[in-house]
Structure formats: structure tokens, C-alpha cells
Amino acid sequence: MKVTVSGYYGFGNTGDEAIALAITRELRKYGAAPLLLSNTPEDTARTYDCDSEARMHPAALLGALLRSQVVLSGGGGLLQDRTSARNLTYYLGVIRLAKLLRRRVVVFNQSIGPLTPEGGRRVARALRGVPVIVRDRGSLDTLEALGIRAELGGDPALLLAPTPGLTRDPRRVIVAPRGDVTDATEALKDVVRRLRAEERHVTALSFMPDHDDQAAHSLGADEVLSTRDPQVALDAIAQSGYVIGVRLHAVILAAASSTPFSGVAYDPKVQGFCDDAGAPAHPTRLDAAQLTDEVLTRRLPDWTAIEDMRLRAAQSFSRALNR
């Protein structure tokens, strides 16, 4: 069985590459052959040892769908028009084309929104009759308001595991900023200063080097780790005692590696994940003293809830493939 996966792949975003890594691994467990639509298909094919086609090339896109029996839209936060209505047009277009070709198409472990009223109407029209699996309860509510029924799954990256044999240092702290969330970056500088005063070793982790490096270097951390490799990011997180994440997948990979975390909710998807995981989430104009205290006391999430999320993520593959 060939499965085409439509997402934000091949753009150098470690979080989305973590999703790609997890999805390709899990699909193979079911005997399925993944095909990723990518911005850099040659690199994607080499990285994940799978087929890949250019996501914006009409002939390549059509060929990928024609060769597939199943099309997964996701994971990630694809169906939103906060950044651009053009993004929503693209992802809904892939769904519509797959439906037109009579492929089994599944909205797969996405966060839905934010959506403008017009964007919500477009999503509602496109998803009629499409199986929908979302990764957070907030997205269930968003779709219910649009008249769309969905199931609760989990982010595929929760299924990734750190390299065996790593040692955790409770005094190490990972801070993962986002380059375009500048008010959070300014507040995090204060948090880093406070943590270093308490003799914590702080690593600024850049999840999207072209986008986040400047913010990471500005924090005043002990070191900066800039990577596009999700396994490198996951292993760094697994060796730390706490994670502060503006980037969603900083906190998701923390959960995957059993590392306590706090999120900075620049977007509802971060708030949604932290709420479901029983972990603290802060506004971008955060209280530095409060966040520092969470790190120093190593405030724990609800590990039972996270294990439930991981189980739902694993089970979502059989539901998506109709197995």
C-alpha cells in the first residue's frame, strides 16, 4: 500500500521533520510505503529512505496521488489561515484532489485553527465526509463548532524515542525560542539570566535554524544548539532536566522523552498540547519569576495523560489506514 503524506516537510523545521520521521517509521510497521510531499524531495527521500515528490509541482503532486491508495493530510497545524490564506488553499486543495481521485483521504493528527470565519467555512466544506483525527481537544471543539465530527489522536512525534544509554542531568535546561515571537524572546532572556544565577546550565535550542538562530543566540544561554535533525533535538532534550518551549515540538519531544516542560503559548496549538498534557503554559508576555520557579522545582506534567496521548497516536495509524 502506498500512502502519500501531505505536510510542511522539507522546509528545515525540526518539529515537522520529527513528524515525518515518526510517520514514515509507523507506516512501515503496517507494511505501507510512505511518499512524502516535500519542498526538497530529493533530500526528504534520502533522509527518510522513502519516495518523495515536489509538493508545489502539479504534475508531481498528481502523480503521487494517483500512485497512492491512502492520502494523509498531516500531521501538523496545516488547516489554519492565521499565517496566510494561501496555506489553507494549498492543503484543502490536496484534500479535494484526493477526494476527486477517489483516494481514501484522512486529516491526520492535525491541530485545527486559528481560522477566520471564511476559513472555517472553507474547512467545513472540504472536510464533509472525510475521516478526521486531531491531536488536541481544542481542535475537537473548533471542528464541532463547524459541524465536523472528529476523533482524538496524538502527535506522531510522541512515538519517537531517544538514543539508548543517554544520561540525564537535572541541572541542564533547554530553552527553545521562536524567531518571530519577539515578546517571548525578550521575556526568556530574563528567565535565562535567573536560571544561570541558580547555576543551571542553559542550552538555547534552535528548531528552525534560518528562522530561530538569532533569537537563540540572543538569550544569553551557556550554549546554542542549532539543528534540523529531530533525533539530535530529542537526544539533547532527553539529557536535560527541564524544557521551556515556544516551539510546539520542543514540548512534544520533552513529553516523548519523559522530560518535564513548560510551554509558551504563542499559538492555540501550544496551549492545547499543554492543557491535554497537564503541563503549565504561559502567555508570550510571561512572568519570568513564575516560569523560573517551575523550572527550579521541576514541575511535572500529568504523565498518565501523556501516556494516553502516546497510545492514541499509535492507534491512529490503524484507524487512518482502515485496518
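R310 lies in helix α13, which covers residues 303-320. The model is predicted. R310 has a relative accessible area of 19%. Buried means under 20%, so R310 counts as buried. Its contacts, leaving aside neighbours within four places in sequence, are L158, L159, A255 and A256.

T185 is buried, and its relative accessible area is 6%. Residues up to four places away in sequence are again not counted, and T185 then touches P177, R178, A215, S218 and L219. T185 can also be set against R285. The two are 100 residues apart along the chain. Their C-alpha atoms are separated by 9.2 Å.

The chain contains 13 helices and 13 strands. Its radius of gyration is 19 Å. The globule rule gives 20 Å for 323 residues, and the chain value is close to this, so the chain is as compact as a globular protein of that length. The C-alpha trace spans about 60 × 40 × 35 Å along its principal axes.

Six strands form an open sheet. Their order is β10-β9-β8-β11-β12-β13, and the pairing is parallel. The edge strands are β10, residues 223-226, and β13, residues 281-282. Each of these edge strands pairs on one side only. Strands of a sheet pair through backbone hydrogen bonds, either parallel or antiparallel. Strand β9 spans residues 201-206 and runs parallel to β10. Four bridges join β9 to β10.

Of its 323 residues, 57% count as buried. Among contacts with a separation of 6 or more, 67% come from residues 24 or more positions apart.

The chain exposes about 13000 Å². Carbon and sulfur atoms supply 48% of this area. There are 40 positive and 38 negative side chains. The centres of the two charge sets lie 7 Å apart.

Definitions and conventions: Residues numbered from 1 in each chain as written. Predicted model: local features only at pLDDT ≥ 70, side-chain atom pairs only at ≥ 80, totals over all residues. Heavy atoms only, no water. Helix = DSSP H or I, 4+ residues; strand = E, 2+ residues; numbered from the N terminus. Rg over C-alpha atoms; globule rule 2.2 N^0.38 Å. Buried < 20%, exposed > 50% of the residue type's maximum accessible area, 1.4 Å probe, protein only. Contact = heavy atoms within 4.5 Å. Areas by Shrake-Rupley, 256 points an atom, 1.4 Å probe, with all protein chains shown as cover. Lys, Arg positive; Asp, Glu negative; His and termini not counted. Charge placed at Lys NZ, Arg CZ, Asp CG, Glu CD. Pairing = 2+ DSSP bridges.
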